[in-house]
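Colleague: I have a model open on my screen and would like to talk it through. Could you help me to read it?

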Amino acid sequence: MSRIILKLSGEALAGPKKTGFDEETVRGVARQVKKLSDGAAGTGDTGIGIVTGGGNFWRGRTGTEIARVKSDQIGMLATVMNCLYVSEIFRGEGMKTAVVTPFETGGITELFDIDLVNRALDDGVIVFFAGGTGHPYFSTDTGVVLRAAEIGADFILMAKNIDGIYDSDPAKNPDAKRYDTLSIDDVISGNLQAIDMTASILARENRIPLRVFDLNEEDSIVKAASGKFNGTTVTI
């Protein structure tokens with residue numbers, strides 16, 4: 001069985017509303033993931049893990065009125081809310097799901113255990129990794145690469161609101177160049193910020209390639225999983 005991790009940005013879950021949840025957007029994601037889980041997308045028997053960001057509720061809000069540690073803890077809880085919501089939408093589309101966190105949540109989620117996770121993936125359960133790494137100062141990018149390494153993922157799918165990695169911000173530079181393929185060393189040396197530096201180095205050390213794409217394009221997740229997609233492939 002192959003294994004993949006899908007990273008969904010919090011902003012992508014908000015859809016055109018830009019905040020909170022957009023149910024139709026999330027249902028569209030669920031239908032695509034079900035195709036992957038059922039093997040209908042031509043990717044074979046696939047175990048799927050999912051990590052969500054929290055930017056639709058909370059993004060790096062720090063300042064004199066709140067400490068960085070507390071800000072990051074709020075962000076972790078935002079990802080728990082996202083995973084719980086998305087998990088329920090997935091169940092409504094006919095999938096079995098589990099939500100795990102690196103900290104206890106009073107029975108709302110299951111405490112992360114790699115043996116439990118591996119059994120669930122082998123049984124076709126979609127596993128949501130909520131709560132990041134469980135520690136401040138680490139982004140959800142680092143969390144997704146960490147979980148990918150732990151489950152032995154073949155690659156990471158990075159669903160964003162932009163169609164790949166550019167040499168500069170396309171929102172500010174109309175001449176920005178998109179890369180179709182580049183190495184993780186190029187990402188690191190060029191400080192391209194497709195994922196944060198810690199996550200980039202962890203991906204390189206564990207030899208986990210990435211595929212970066214725009215979630216809003218039709219069947220983008222299925223296409224990215226098949227390798228025939230509009231975006232950027234980050235090689236190792």
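Predicted model: local features only at pLDDT ≥ 70, side-chain atom pairs only at ≥ 80, totals over all residues.

Colleague: In what sense do E10 and E11 pair?

Modeller: Strand E10 (residues 210-214) and strand E11 (residues 231-235) are antiparallel, with four bridges between them. Phenylalanine 213 stands opposite glycine 231 in E11.

Colleague: A change of topic: where is aspartate 45?

Modeller: Aspartate 45 is in the loop between helix H2 (23-38) and E2. Apart from neighbours within four places in sequence, aspartate 45 is in contact with Met1 and Ser2. Its C-alpha atom is separated by 33 Å from that of glycine 75, a residue 30 places away along the chain.

Colleague: Now the charged side chains. How many salt bridges are there?

Modeller: The count comes to 13 salt bridges. One of them joins arginine 27 and glutamate 93, whose closest N and O atoms are 3.0 Å apart. Arginine 27 is in helix H2, whereas glutamate 93 is in the loop between helix H3 (68-92) and strand E3 (97-101), so this pair links distant parts of the chain, 66 residues apart.

Colleague: Which residues form a network with that pair?

Modeller: The network of salt bridges links Glu23, Arg27 and Glu93.

Colleague: What about arginine 68 and aspartate 72?

Modeller: Their side chains meet in a salt bridge, at 2.8 Å from N to O. Both residues lie in helix H3, four residues apart, which is about one turn of the helix.

Colleague: Is aspartate 72 buried or exposed?

Modeller: Aspartate 72 counts as buried because its relative accessibility is 15%, and the limit for buried is under 20%. Arginine 68, at 38%, counts as partly exposed.

Colleague: Where do arginine 178 and aspartate 163 lie?

Modeller: Arginine 178 lies in strand E8 (residues 178-179), and aspartate 163 lies in the loop between E6 and strand E7 (165-166), so the pair ties together parts 15 residues apart in sequence. Their side chains meet in a salt bridge, at 3.1 Å from N to O.

Note on methods: Residues numbered from 1 in each chain as written. Heavy atoms only, no water. Pairing = 2+ DSSP bridges. Helix = DSSP H or I, 4+ residues; strand = E, 2+ residues; numbered from the N terminus. Contact = heavy atoms within 4.5 Å. Salt bridge = Lys/Arg side-chain N within 4 Å of Asp/Glu carboxyl O. Buried < 20%, exposed > 50% of the residue type's maximum accessible area, 1.4 Å probe, protein only.
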